[in-house]
Amino acid sequence: MAAVQETVEQVRRVGADQYKYGFITDIESDLAPKGLSEEVIRFISAKKGEPEWMLEWRLEAYRRWLTMTEPKWARVDYPAIDYQDLYYYAAPKSTAGPKSLDEVDPELLRTYEKLGIPLHEREILAGVERPEGEERPRVAVDAVFDSVSVATTFKEELKKSGVIFCPISEALREHPELVRKYLGTVVPTSDNYFATLNSAVFSDGSFVYIPPGVRCPMELSTYFRINEKNTGQFERTLIIADKGSYVSYLEGCTAPKRDENQLHAAVVELVTLDDAEIKYSTVQNWYPGDENGKGGIYNFVTKRGDCRGANSKISWTQVETGSAITWKYPSCVLRGDNSRGEFYSIAISNGRQQVDSGTKMIHLGKGTTSRIISKGISAGRSSNAYRGLVSAHRKAEGARNFTNCDSLLIGDACSAHTIPYIEAKNPSCVFEHEATTSKISEDVLFYCMQRGLSQEDATALVVNGFVRDVLQQLPMEFAVEAQKLISVSLEGSVG
Amino acid sequence: MTALLEIRDLKAEIAGKQILNGYDLTVKAGEVHAIMGPNGSGKSTLSYVLSGRPGYKITEGQALLAGADLSQMSVDERAAAGLFLAFQYPLEVPGVATMTFLRAALNAQRKKRGEEEMSSPDLIKRVKELAKILDMDMEMLRRPVNVGFSGGEKKRAETLQMMLLEPKLCILDETDSGLDIDALKVVSNGVNQLRSKDRGIVVITHYQRLLDYITPDVVHVQSAGRIVRTGGKELALELEETGYARYQSEAA
Ligand SMILES: Nc1ncnc2c1ncn2[C@@H]1O[C@H](COP(=O)(O)OP(=O)(O)OP(=O)(O)O)[C@@H](O)[C@H]1O
Ligand SMILES: [Mg+2]
């Protein structure tokens, strides 16, 4: 059988079996009443002990949401979602808000261990053996399980340098002035259907504040886990890098295999003030559904960064391998003069997955620059679209963008689309766009196999070569993880 | 003793077109064979059929590697069993550093044979030695496989891969084309280092000059998909004089 044909067959067999994180944690949950109403929103707000203004904010969003309709322009196709048939809040009974690590339910700790995310600071420290003198990379983790954060590590140590890293519900209690100042200023409650829904019902997520001039002493990361049945996850993340500060942040996501679809509608807001930089990386591995398209996460996400200050920088790097439906456009508003936005993406679709993803670079300030590198890989019967907007405001004198979108097809049953929009209102800006679509080359696979690589390894090697520019943008530790994930998403047995 | 390569009355086609028409060839361990013949006579086709390139179909006859029926093995199994093809047109693998590729290939073969993987320091050491023999810059090996390599550089890189993998049967498809005079010597020297009593080498070439450096034990003339004449190394000299005209009419 021809190598490509074999690859296609193999990929077809990959489905539910390949998903390593599909187990269910047996834990008793505290649920809000099913469906969506003002009562449910009050319930969520009360559960979190929020200030009154926050409840009002939520209710206003809810009322607005009732007047909106679901967007239909994306190249994705799914049955209507019954918003009244979902739970909007689910929390493990044993955790009434995050406590110290010693108090966390051992069942939850085991869950994160199985996911490869040790929550004991000691273990993280003892993790990787490194040569003498070389600094160990340390990662502070916020673990979000369904609607609540169950643990956040290294909080004390981060506090020493003035960094705030905690669940957003805690930030609302402890730092309400900061949250109030920035929440909804990047993604307004009226932004879009899913963001508005999120504003009404968001449960947990991470809050990060880096004070002026501080380089965050370690990587920060949040791991999202959806466990409970028929439950939506509506996380909200807010990261503020004050003047001259720097932070690198990573999020990971997994969910159990379930036959029903699960809704995930997150909002992430980033703000950089003068000379600050945020590097935001995502390794998204939600359950993609089985090979017939049964089950899987509906991932409708609004991510946006606001380069508010001059010379500030926001860079998005994403490795997307999961979800049944992905609707996601991490964007940058380049408001500050000479600010810079970057978007590096690897989106892999297989089975019946549908991806409509890309970015927006909105150039407002003078001398703003942006760079977009997108690598889409479609296999099986999946559909994979890149949708991007690059625009320049009248005042964006000398704005520059470079865009490169490459698509790789494995087999004949999948599809790839590139949908770029460009709007330049200032004649001095320079926007460059390159795009290619190619099929995985039978000849190159043969060449690799003639050297002894199995057809699976050859495919993984070729795909890893295809995405190399983007992989290089990931923090070292995660690049290796992402590389493995790419193999697993495409192969029958690798990993 | 079983021959290293035994081809018996092999017929093969591509896209429904028969290219090999009853091919017979026996290569014993320790021998170097040269195959010469006009353009389009099926020399590359033979190498692809033996290595299992998709699309090439054996319709009759047999090809055995150390007694094992090649048609029953996948491409990578053939490679692990010791068959190496230096491509007439080596392919590019964008984004994959040559060093990464070498490590992946060598260790994949070793694993299939139940051998221990080679450690990275050992591998780098070995590759450095080979690069020196082939007069190649290590910088080139950090670049993606064959991407942006000149024609001659690609042929050197093929030779380096072959020397690293230490195959039992080496098939060199016009490895000399694209090489300048100095490079020809360097590459031939590398190939000669592979000559051993356990190994067979098949050199496909159009030019007698290569055979001045890699002296063959046997020379074959191939025409219209089969071998039409076999002789010693003096046959290559004769061909240089006379060309293929008489063999082409004979085959027709
Ligand atoms: N895909 C194909 N479909 C049809 N014919 C093909 C195909 N591939 C090769 N051929 C034909 O097979 C014949 C043998 O080609 P091959 O490349 O084996 O010749 P060669 O002896 O290696 O020639 P050269 O000396 O030029 O390298 C040629 O006539 C070629 O056109
Ligand atoms: Mg040829």
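Here's a quick briefing on the ligand site, the chain interface and the salt bridges. This is a predicted model, where local features need pLDDT of at least 70, side-chain atom pairs count only at pLDDT 80 or more, and totals for chains, interfaces and linings use all residues. Residues are numbered from 1 along each chain as its sequence is written, chains are lettered from A and ligands numbered from 1 in the order in which they are written, and side-chain values use heavy atoms, with hydrogens and water left out.

**Ligand 1**

- Ligand 1 is surrounded by 15 residues, each having a heavy atom within 4 Å of it; the closest are Gly40(B), Lys43(B), Ser44(B), Thr45(B) and His206(B).
- Oxygen atoms of ligand 1 come up in these pairings: one sits 2.7 Å from an N or O atom in the Lys43(B) side chain, one is 2.8 Å from a polar backbone atom of Ser44(B), and one is 3.3 Å from an N or O atom in the Glu174(B) side chain.
- On its own, ligand 1 has 640 Å² of accessible area (Shrake-Rupley method, 1.4 Å probe), and the protein covers 65% of that.
- Sorted by class, the shell holds four nonpolar, eight polar and three charged residues. Here Ala, Val, Leu, Ile, Met, Phe, Trp, Tyr, Cys and Pro are nonpolar, Asp, Glu, Lys and Arg are charged, and the others, Gly among them, are polar.

**Chain A against chain B**

- On the chain A side, 19 residues are in contact (heavy atoms within 4.5 Å) with 31 residues of chain B.
- The two chains bury about 2,000 Å² between them, 68% of it on carbon and sulfur atoms; that's accessible area (1.4 Å probe) lost when the two parts are put together, summed over both.
- Phe446(A), Tyr447(A) and Arg451(A) supply 39% of what chain A buries against chain B, more than any other three residues.
- Two salt bridges link the chains, counted when a side-chain nitrogen of Lys or Arg is within 4 Å of a carboxyl oxygen of Asp or Glu.
- One salt bridge joins the side chains of Arg53(B) and Asp443(A), at 3.0 Å from N to O.
- From chain A, α10 (442-450) and α11 (455-466) each supply at least two residues of the side touching chain B, and α10(A) has the largest share, eight residues.

**Salt bridges overall**

- Over all chains, the structure holds 34 salt bridges.
- Within chain A, Arg42(A) pairs with Glu38(A), their closest N and O atoms 3.7 Å apart.
- Arg42(A) and Glu38(A) are separated by about one helical turn because they're four residues apart in helix α2 (residues 38-47) of chain A.

How values were computed
A polar contact is a pair of N or O atoms within 3.5 Å; within protein, one must be able to donate a hydrogen and the other to accept it, and residues adjacent in sequence count only if both atoms are side-chain atoms.
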